[in-house]
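Here's a quick briefing to read with the structure open beside you. Take a look first, then go through the points by topic.

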Amino acid sequence: MTMSAGWYLRRLSRMGPREVGGRVGDTVRRRRWRSALPDCPDVTGARFTAVLPAGTVDAVPPDAAKRLVAEADRLLDGHAEFFGVDRDDLADPDWSYDPRTGRRAPLVYAFDVPYRDEEAVGDIKQIWEPSRHQYLTVLAAAYAVTGDERYAERVDAHLRSWWAVNAPLRGVHWTSGIELGIRLLSWVWIRRLLDGWPGAAALFEDNPVAREQIWHHQRWLAAFPSRGSSANNHVVAEAAGQFAAACAFGWFPSSARWRADALRSLDRNLRGNTFGSGLNRELATEYHGLVLELGLAALAEADASGVPVPATVRLVLLRMTDALAAVVDNRLRPPRQGDADDGHGLIVDGAGTDRWGSLLATGEAVFGRLGWWPEVTGTDVRTPLLAALVRPYAKDGASPAVSRPANRPAHFSDAGMTILRGPEEIWVRCDGGPHGFLSIAAHAHADALSVEVRHDGVDVLADPGTFCYHGQPEWRRYFRSTLGHNTLELDGADQSVSGGPFLWTRHALSRVLVADTSGEKTLRWCAEHDGYQPSAHRRRVELTAERRELRVVDEVRGPRRTVRLAFHLGPAITADLEGNRARLTWTRDGEDRSAVLDLPGELTWRAHRGESEPPLGWYSAGFGRKEPATTLVGTGVAEGTREFSTVLGFSG
């Protein structure tokens, strides 16, 4: 996907003067850096001291270690999966190769690489992901747990290969700050986990190539921070990686300055990216997880190195952890809201480890669990490693006394998110929040007033997900569209106006009118948005416990408009649509379950599944993956004031 002149003008319109000035300075700096690279300072004799406390690895649960070793053995055999593409070439990777398109990114001056153009470069996510080196942290963790030097030797070979091919400022891996930040964090943990291996020092601190790479990564991040309208999760990743490296690899004359600047940025942007309630301002749940992982990893480096951090850093991470505990369903699945690209801050676990359970387990170890938190029954490797480095919150004298929620929060007014919980583990998310974060709302979807409904963790009315970012514009448009969510569309248009794959030029404004989550018999929510002016869309939701019934009433006021009301079913749901009634069936843990969805009779209903021209009827469980799922779409007309009532009843 190449970006047009119109896109650049639209993007420029979302920037303020300070951001424009900063980006002009970036452009000048990129041109100046083309001419000559400075030499890395000579720090011969550097030593790595940020090691794990003795006995830490002994605390890794046996089943978590077993999953880790199984994953590491698969990696030793050269096998991995990235975004739905199985790789069998990881024994000796081509660091510029995209297996999905078969293209290779050019090894030229980094800022000449047109990384958004799939025709020239390939699928950039497929190229970037292995070079975050998070599969190498898995191998390093397997060495730490087992002492098997095969894992360490593979890490050694791959890092030396990567460093040789991707010299500073050469190629696609030097174009994006989030990639450099996460890669630095991976290198810190690789060195830490390999500490018992005789070759660890020769690979890192005694290796001039490694020192040069570490120095140039930090120099790059200091020079080109994400700024202004782009200061979302990217800037947190940049600051966390820079801070971690400046703590653990604090060997250079600039290390103290880099460390201080990164900590200030981390503190400022953790606060900036997080609502007071603890939810992430991007309103994209996976980025809540990414930012929380990055923050916890940075905190671990600070405590391991004895670097004081502002109390606000721990406070934000505490609130984020409590908020996550509040919004997950009974199976520890959080909302599927906004963009999701499977991004992680630190990976040291094998396949089958629950990401959200792992985060809550770490939160319990660091901050302490509250009585209303859900139980975490799974195990992981990451929690004992991080917990060994981070000072427990209650024992940290720098942390102020904090009032934490006495009961499980259900309504987050600043984020516009409301969770309704009913019997039989019914879970409902209602969306009446802002349209994303900052002026471009990069990771927002046009999903105002959408609902997401689960029964015992099974998606019944599902948020379809994300699927892709670059290279497939028709699919990108669909998965972030209004029609691609459980809400109402007027005249075939989205509620908010898109100016590009990560750019919204007009944001629908939503407001929650009612959020009654304390009733014993009926829970109520009501909200409206202004995305279809002069028309208005208001939605009322009621969850009645006694009848195990969810009622959704859509009210449209204004001139004559064409209406499409969509309900996206989860991939496990089979639907039998007759007229305006759909009988839903599925299986959970070997038991048959069912529900009846009575749809508005004023609309004409049709079931769609796996359609491509245009896309409709799909579910994306993860980035790069999609599967057919049933979408029920009702079409009709609204004029004046019109109500459309939908009732979802679960069988006893």
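**A loop serine, some helix packing and the cysteines**

S96 sits in the loop that runs between β2 (85-87) and α4 (118-121). Keep in mind that this is a predicted model.

**S96 in its loop**
- Despite the loop setting, S96 counts as buried, because its relative accessibility is 7% and the cut-off is under 20%.
- Skipping its neighbours within four places in sequence, S96 touches R103, R104, A105, L107 and I127.

**α6 against α8**
- Helix α6 (residues 134-146) packs on helix α8 (residues 177-193) at about 15 degrees, and the two axes are 9 Å apart.
- That angle makes α6 roughly parallel to α8, since anything under 35 degrees gets that label.
- The α6 side of the contact is Q134, L136, T137, A140, A141, Y143 and A144, while α8 brings I182, S186, W189, I190 and L193.
- Sorted by class, this α6 and α8 contact holds 9 nonpolar and 3 polar residues, with no charged ones.
- As for handedness, α6 and α8 make a left-handed crossing.

**α8 against α10**
- α8 also crosses helix α10 (residues 208-223), at roughly 140 degrees, with the axes coming within 10 Å.
- So α8 is oblique to α10.
- From α8, the residues involved are G177, L180, G181, R183, L184 and W187; they meet Q213, I214, H217, Q218, W220 and L221 of α10.
- The class count for α8 with α10 is 6 nonpolar, 5 polar and 1 charged.
- This crossing of α8 and α10 is left-handed.

**α16, mostly covered**
- In helix α16 (residues 382-389), 6 of the 8 residues are buried, so the helix is mostly covered.
- The buried set in α16 is R382, T383, P384, L385, L386 and L389.
- Those buried α16 residues pack against α8, α13 (285-305) and α15 (355-367).

**Cysteines**
- How many disulfides does a search of the whole structure find? The count is 0.
- C430 is in no disulfide, and the nearest cysteine sulfur, which belongs to C526, is 10 Å away.
- C430 is buried, with a relative accessible area of 0%.
- C468 counts as buried too, at 4% relative accessibility.

Technical notes. Residues are numbered from 1 along each chain as its sequence is written. This is a predicted model: local features need pLDDT of at least 70, side-chain atom pairs count only at pLDDT 80 or more; totals for chains, interfaces and linings use all residues. Side-chain values use heavy atoms; hydrogens and water are left out. A disulfide is a pair of cysteine sulfur atoms within 2.5 Å. Buried means under 20% relative accessible area, exposed over 50%, partly exposed in between (1.4 Å probe, protein chains only). Helices (H or I, at least four residues) and strands (E, at least two) are DSSP runs, numbered from the N terminus. Contact means heavy atoms within 4.5 Å. Axes are lines fitted to C-alpha atoms, for helices over the stretch in contact, and angles run from 0 to 180 degrees between N-to-C directions. Angles under 35 degrees count as roughly parallel, over 145 as roughly antiparallel, 65 to 115 as roughly perpendicular and the rest as oblique. A crossing is left-handed if the near helix is turned anticlockwise from the far one by less than a right angle, and right-handed if clockwise. Ala, Val, Leu, Ile, Met, Phe, Trp, Tyr, Cys and Pro count as nonpolar, Asp, Glu, Lys and Arg as charged, and the others, Gly among them, as polar.
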